[in-house]
Amino acid sequence: MKDNRSIKERDLGSKPAREKVKIAAFLCKWCSYAGADLAGGSRKKYPPNVIVIRTPCSARTNPLFVWKSLEKGLDGVLVSGCHPGECHYSEGNYHTRRNFAVFRKLLEYIGIEPERFHMSWVSAAEGDKWAEVVKDVVKVVESAGPNTYFSKKKEDNG
Amino acid sequence: MVEQLRQKAKELLKNKEVEVIIGYQKSNNNSFTTPCFIESEDGVDRLTWDEHCVYNLSLYLKEVKGKVGVVAKGCDVKSIVALMQENQIERDRVKIIGLECQMQVDEKGQVLEKCRTCQVHIPGMYDELVRSKTSASKIESKESDKEYSVLEELEAKSTSERWQFWQRQFEKCIRCYACRQVCPLCYCSECITEKSVPQWIFPSPSLKGNTTWNIVRAFHLAGRCIDCGECERVCPVNIPLRRLNKKMEKEIQTMFNYVPGLDSKKKPPLVDFRVDDPQEFIR
């Protein structure tokens, strides 16, 4: 039977599905970002699946950022900040904690797998912990599989 | 009861304690009433009260300037308290005519879902109180009418079933923003859905944009929504919005032991924190 598809379409059809999960990581610049930097500087090995986004404080990470990442097709989101009591702005991370304690319940209720959202406290000295956190998170997000929430709908371009 | 209400309203206007009274008036349809604004003593006869008075009149408090009287049920008073918590209205500017409320009904005569579990038949805060002849405490509450029973059905479902359910609901949304317009706590002068740089929410009705809009609204109301149920009532496509807001209320009550709309001195939970907040989900 003759294949009527264009070369481009045939190429697309033969391409293997995306295997690696992509995770957005929102890191506070005073601790987790420096921690991730330290992990790199000391040549710790961890999976390359995270896309690091630097924020001035973990409290800057609006829950909307998390939803937007999932809506745009990322498979998981990690928010990381300073340990409680060590915030550069003295109380930012307490607010982060409350916000996301509520927001993750909302995500779950809407029908997003809880495996897709993660939070961690990583200080600037904890390069090792950062590598461990990423390994763990990647494993858990992989268990949830690729993000297919909106992939079947074509009418959207938002 | 209506006579008492008119009497109190008349006194307030006569003594120049208020410039305008916001209340309910009869409409040309017997199955619902409409809001009215009364500025003179002879207008008070328009005021009415029955089980069809469902609107939350605290919505207008921010827009009316000067001293204002408002006719309020228990749930409406909760939203007035929430507005005071957020410094949107001043206590001394508002005279609250509280009404001992029974069960309000919708246009079809069905008792409203929120009224079955209502704890505030007598408002928690008022300047004048109009009592009803039959005491509200006599109203029988069934076992199935527990506070959060409306959530049970959805919570029992699996994650993917819930996703399917909400997608079916949000698919219907036509983005008329009636939910926002009717909400007494949606008072932002610029709503995020109207921002175009950056554009957070795709403005046309589309599954993605609708989902984002409804998530954003639910989260923005988390810890603030006092469950007046107006958004669900006005929704032209019948999205069960109350189930979203109620869920947020439930989670906040279990985690932070906070019930919105009861104490005007307390900070709303999401601008507040405690050092020992739950954090078992954080690595």
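Q: What makes up chain A, in helices and strands?
A: In this predicted model, chain A has 5 helices and 4 strands. Read from the N terminus, the elements of chain A follow the order α-β-α-β-α-β-α-β-α.

Q: How many of the residues in chain A are buried, as a percentage?
A: Of the 158 residues in chain A, 45% are buried. As for contacts in chain A between residues at least 6 apart in sequence, 80% join residues at least 24 apart.

Q: What makes Arg91(B) count as exposed?
A: Arg91(B) has 12 C-beta neighbours inside 10 Å, and the cut-off for exposed is 12 or fewer. Arg91(B) therefore counts as exposed. You will find Arg91(B) in the loop between α2 and β4 of chain B. Its C-alpha atom is 25 Å from that of Glu249(B), a residue 158 places away along the chain.

Q: Why are α5(B) and α7(B) called roughly perpendicular?
A: These two helices pack at an angle of about 105 degrees, with their axes 9 Å apart. Angles of 65 to 115 degrees count as roughly perpendicular, so α5(B) and α7(B) fall into that class.

Q: Which residues make the contact between α5(B) and α7(B)?
A: From α5(B) come Gln167(B), Phe170(B) and Glu171(B), while α7(B) brings Leu207(B), Asn210(B), Thr211(B) and Asn214(B). By class, that contact has 2 nonpolar, 4 polar and 1 charged residues.

Q: Why do β2 and β5 of chain B stand at the edges?
A: The open sheet of chain B has 5 strands in the order β2-β1-β3-β4-β5, with mixed pairing. β2 (33-38) and β5 (128-130) each have a single partner strand, so one side of each is left without a neighbour in the sheet. From one strand to the next, the twist averages 25 degrees.

Q: How do you know that β4(B) and β5(B) are paired?
A: Strands pair if there are at least two bridges between them, and 3 bridges join β4(B) to β5(B). These two strands run parallel. One of the bridge pairs is Ile97(B) with Glu128(B). Helix α2 (residues 74-85) of chain B packs on the sheet, where it touches β3 (68-72) and β4, and its direction makes about 155 degrees with that of β4(B).

Q: What span is expected for α9(B), and what does the helix reach?
A: α9(B) has 16 residues and reaches 23 Å from its first C-alpha to its last, close to the 22 Å expected at 1.5 Å a residue. Just after this helix, Asn257(B) takes a positive phi of about 55 degrees.

Q: What do the buried residues of α9(B) pack against?
A: They pack against α4 (92-110) of chain A, together with α3, α4, α6, α7 and α8 of chain B. Among the buried residues of α9(B) are Leu241(B), Leu244(B), Met248(B), Glu249(B) and Ile252(B).

Q: Which elements of chain B give two or more residues to the side that touches chain A?
A: Those elements are α5 (159-172), α7 (207-221) and α9 (241-256) of chain B. The largest share, 8 residues, comes from α7(B). Overall, 32 residues of chain B are in contact with 34 residues of chain A. The chain B side divides into 20 nonpolar, 6 polar and 6 charged residues.

Technical notes
Residues are numbered from 1 along each chain as its sequence is written. Chains are lettered from A and ligands numbered from 1 in the order in which they are written. This is a predicted model: local features need pLDDT of at least 70, side-chain atom pairs count only at pLDDT 80 or more; totals for chains, interfaces and linings use all residues. Two residues are in contact if their C-beta atoms, placed from the backbone, lie within 7 Å. Ala, Val, Leu, Ile, Met, Phe, Trp, Tyr, Cys and Pro count as nonpolar, Asp, Glu, Lys and Arg as charged, and the others, Gly among them, as polar. Axes are lines fitted to C-alpha atoms, for helices over the stretch in contact, and angles run from 0 to 180 degrees between N-to-C directions. Angles under 35 degrees count as roughly parallel, over 145 as roughly antiparallel, 65 to 115 as roughly perpendicular and the rest as oblique. The expected span of a helix is 1.5 Å times one less than its number of residues. A residue is buried if 20 or more other C-beta atoms lie within 10 Å of its own, exposed if 12 or fewer, and partly exposed in between; C-beta atoms are placed from the backbone.
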